[in-house]
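Subject: Structure handover

Hi there,

Here is the structure I said I would pass on to you.

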Amino acid sequence: MKNILEIDSIQKYVNKDFSLYDVYLRCETGEILGIFGRNGSGKSLLMKIIFGTEKADHKFIRINNKYINQPYKVGDNVVYLPQNSFLPKKLSLQKILKLYLDKDCIKDLIDDEIIQKISASKIHELSGGELRYLELKLLLKSKAKFILLDEPLNALSPIIKEKVIELIISEKATKGIIITDHDYNNINSIATQNYLMHQGSLKKITSNEDLIFYNYLPNTF
Amino acid sequence: MLKRNLKLRLEFYKSTLIINLIISVVFGLLTKSVNAFGFSFTLIGFSAALFYKEIYRKHEYYLYYNAGISRQQLVIFCFLLNCLFSILVKICML
């Protein structure tokens with residue numbers, strides 16, 4: 001089934017120098033939207049507003065033509081991978097899996113080289129890359145219709161990065177995915193549409209020249 | 001879904017217990033009052049546990065958000081369990 005997430009008219013005053021405005025996004029099942037932007041440009045803020053944990057002065061979010069104020073509270077709509085790890089350090093991986101997933105989903109999730117290697121570990125024993133991979137896989141294997149990923153490739157080794165990208169592509173068929181990251185090359189290679197957060201609003205990007213024009217990429221790129 | 005929701009709420013509750021119990025037992029012993037213990041367990045110790053989470057474990061709330069549980073729902077659930085526990089302690093001490 002094809003699901004549609006529409007985000008429109010988002011306005012959020014942050015301070016006298018920065019506010020979000022004029023944000024429109026539409027994401028369907030099977031699409032990967034890449035959002036780029038400089039540090040502090042409001043990418044994470046936008047993700048949290050879409051997810052529903054951050055208030056906005058004005059927002060209009062629809063999933064399958066139904067208005068939803070806080071999407072995370074309603075059914076299996078949206079999940080969000082924040083920049084910082086969200087798994088409690090004291091819990092074991094097994095405990096997390098039992099808390100979070102059905103038996104079928106657990107089988108699917110642990111059928112993986114990296115996860116099997118860490119399956120007997122506690123969360124605080126995992127490396128940054130392993131932890132990020134686990135969190136990402138937990139969310140991608142959830143039943144959510146849309147996945148919001150906030151810098152999923154940050155600080156990952158090239159091998160894990162490649163695995164993460166494979167994972168995202170493999171889940172694309174059944175979900176809509178919105179990603180923010182600074183890894184332009186990798187995200188650009190998997191995204192179906194790209195956007196740039198520039199001075200508080202979203203600009204659609206169709207080529208590298210657009211990113212150079214908005215001073216996101218250097219002229220030498 | 002409901003079972004997962006309840007399990008996650010109980011996990012959150014467990015994560016507030018250590019700080020809450022330490023503060024409330026100390027408060028109860030200092031005042032030598034079961035009522036004081038109950039009051040602290042329901043409000044003071046519990047608030048301290050939430051404050052600790054707010055400062056040092058804020059990002060862990062996303063574990064619950066991603067399961068559709070809001071912060072408000074977690075706090076209300078824990079508050080009600082704490083009330084129930086305090087009443088049971090009070091009854092047992094009568």
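Below are my notes on the interface and on the salt bridges. Please keep in mind that this is a predicted model.

**The interface**

Let me begin with where the two chains meet. On one side 21 residues of chain A take part, in contact with 16 residues of chain B. Together the chains bury about 1,800 Å², and 58% of that is on carbon and sulfur atoms. Within chain A, the most area is lost to chain B by Y72(A), L99(A) and Y100(A), which together make up 34% of what that side buries.

As for specific pairs, the rule finds five residue pairs in polar contact across the interface of chain A and chain B. Three elements of chain A, namely α1 (43–51), β6 (78–81) and α2 (93–100), each supply at least two residues of the side that touches chain B. Of the elements, α2(A) gives the most, with four residues. Sorted by class, that side of chain A has 12 nonpolar, three polar and six charged residues.

**Salt bridges**

How many salt bridges does the rule find across the interface of chain A and chain B? There is one: E11(B) pairs with K95(A), with the closest N and O atoms 3.3 Å apart. E11(B) also forms a salt bridge with K14(B), at 3.5 Å between the closest N and O atoms. K14(B) and E11(B) are three residues apart in helix α1 (residues 2–31) of chain B, so about one helical turn separates them. E11(B) is buried, because its relative accessible area is 8% and buried means under 20%. K14(B), at 45% relative accessibility, counts as partly exposed.

Over all chains, a search of the whole structure finds 18 salt bridges. One of them joins the side chains of E54(A) and K12(A), at 3.4 Å from N to O. E54(A) is in the loop between α1 and β4 (58–63) of chain A and K12(A) is in strand β1 (residues 4–15), so this pair ties together parts 42 residues apart in sequence. Here E54(A) counts as partly exposed at 26% relative accessibility, whereas K12(A) counts as buried at 16%.

Back in chain B, K58(B) and E54(B) form a salt bridge with their closest N and O atoms 3.6 Å apart. K58(B) is partly exposed, with a relative accessible area of 44%, and E54(B) also counts as partly exposed, at 29%.

Finally, a network of salt bridges links K2(A), E6(A), R26(A), E28(A) and R62(A).

Happy to talk any of this through.

Best wishes

Notes:
Residues are numbered from 1 along each chain as its sequence is written. Chains are lettered from A and ligands numbered from 1 in the order in which they are written. This is a predicted model: local features need pLDDT of at least 70, side-chain atom pairs count only at pLDDT 80 or more; totals for chains, interfaces and linings use all residues. Side-chain values use heavy atoms; hydrogens and water are left out. Contact means heavy atoms within 4.5 Å. Buried area is the accessible area (1.4 Å probe) that two parts lose on being put together, summed over both. A salt bridge is a side-chain nitrogen of Lys or Arg within 4 Å of a carboxyl oxygen of Asp or Glu. A polar contact is a pair of N or O atoms within 3.5 Å; within protein, one must be able to donate a hydrogen and the other to accept it, and residues adjacent in sequence count only if both atoms are side-chain atoms. Ala, Val, Leu, Ile, Met, Phe, Trp, Tyr, Cys and Pro count as nonpolar, Asp, Glu, Lys and Arg as charged, and the others, Gly among them, as polar. Buried means under 20% relative accessible area, exposed over 50%, partly exposed in between (1.4 Å probe, protein chains only).
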